[in-house]
Amino acid sequence: MKGCNILTILLLLQVQCAMAQRMGTREANIRFFSKAALENIDAYNTRGACLVDLNTGAVETAVLIKGFVFKKAMMQQHFNESYLESDKYPKAVFKGKVVAPTLPLKLEGQQEWTLAGTMEMHGVTKEMSIKVQLETKDGNTTVASTFPIALKDFNISVPSIVKNNIAQVVDVSISIISLKPM
Amino acid sequence: MKKHTRGKWRGILAGCILIGVLVAWYMFQKAPASVLDGKADYSLTSAQLAEAFYADETAASTKYSGKVIELCGRVAAMSRDAVQSPVISFQQARSELPLITCVMEKTGIPDATIIQQQDSICIRVVCTGKLMDVECNRGVFIKKM
């Protein structure tokens, strides 16, 4: 009976340990910036979701297109209605794996991970490789990454009248203040 | 006389073009309208919104995403996001329902308003869809009940 109890406790601990290997956040800050002749375009969304499975190296990040906040109403309207068509394609999703020589992954000190996977946005799925910087200090892990997205890769067409005023490549940055067990 | 009339028309045309450019510039520079401008598209409790997304996420997204909702419910938690905007989560009526999480405008909660866990409140928000939670943003506090 006593042995059975110890076995149950060990099993529970193992389950808890396995669960703790999934880290993530619902509060990833995703920002994009486009430098253009007439005016720079800058928008952010602080409610990106991100999950990392340290056992398998699988990573999934998603953001709602309608959640991006712009300073100007017209930019927001064009972004949603004309460029990203957010009614039709409400999310942008990256699914991939950490390219790592050994698993499980460990969160310690300063690290750089390379993520290889696919980005799905505006109805187009494209293979991408993204570099991510992580820093773990006192049990807290912060994440930062910046990568370019070419509008043409995702069939985002810009009307010719404003073509010179919108950059064809947009810098996207992701920052996470704290990855937590999920 | 003819020259004078032509000059007058040119002046009117130039004036119209200038006004057009100024109107276009004003429209381009305009900040997004407050959710308080005009009527809300829907008036719901947080449980009703959660149930709608739980029952059929696609249908609920089509119906509510991008719409102004007057949302009432009991506060489960309050925090701040990466740009220091207040974030309010509503209590779930049932554990299997998604959370409703609302990012408020930085000035969306008046200074004198103290919102605590368990308070029943109404806010006006724009629903942006569902990821892990049902997400809303541009929230403005309406009242405590």
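Helices (H or I, at least four residues) and strands (E, at least two) are, throughout these legends, DSSP runs numbered from the N terminus. The model is predicted, so local features need pLDDT of at least 70 and side-chain atom pairs count only at pLDDT 80 or more, whereas totals for chains, interfaces and linings use all residues. Residues are numbered from 1 along each chain as its sequence is written, and chains are lettered from A and ligands numbered from 1 in the order in which they are written.

**View 1. The end of helix 3 of chain B and its buried side.** Helix 3 of chain B is followed by B:G66, which has a positive phi, near 80°. Within this helix (residues 57-64), the buried residues are B:A60, B:S61 and B:Y64; a residue is buried if 20 or more other C-beta atoms lie within 10 Å of its own, exposed if 12 or fewer, and partly exposed in between, with C-beta atoms placed from the backbone. Among the elements covering the buried residues of helix 3 of chain B are strand 1 (42-45), helix 2, strand 2 (68-80) and strand 5 (120-130) of chain B.

**View 2. The buried face of helix 2 of chain B.** In helix 2 of chain B, which spans residues 46-55, the buried residues are B:S46, B:L49, B:A50, B:A52 and B:F53. Seen down the axis, they fall within an arc of 160°, so they line one face of helix 2 of chain B.

**View 3. The contact between chain B and chain A.** The contact takes 21 residues from chain B and 21 residues from chain A, where two residues are in contact if their C-beta atoms, placed from the backbone, lie within 7 Å. On the side of chain B that touches chain A, two or more residues come from each of helix 1 (2-29), strand 5 and strand 6 (134-144) of chain B, and helix 1 of chain B gives the most, with three residues.

**View 4. Paired strands in chain A.** Strand 3 (residues 58-64) and strand 5 (residues 91-98) of chain A pair in the antiparallel sense over seven bridges, pairing being assigned if DSSP finds at least two bridges between two strands. The bridge partner of A:A58 in strand 5 of chain A is A:K97. Strand 5 of chain A also pairs in the antiparallel sense with strand 6 (residues 109-121) of chain A, over six bridges, and A:G96 stands opposite A:G117 in strand 6 of chain A.

Notes. Arc of directions from axis to C-beta.
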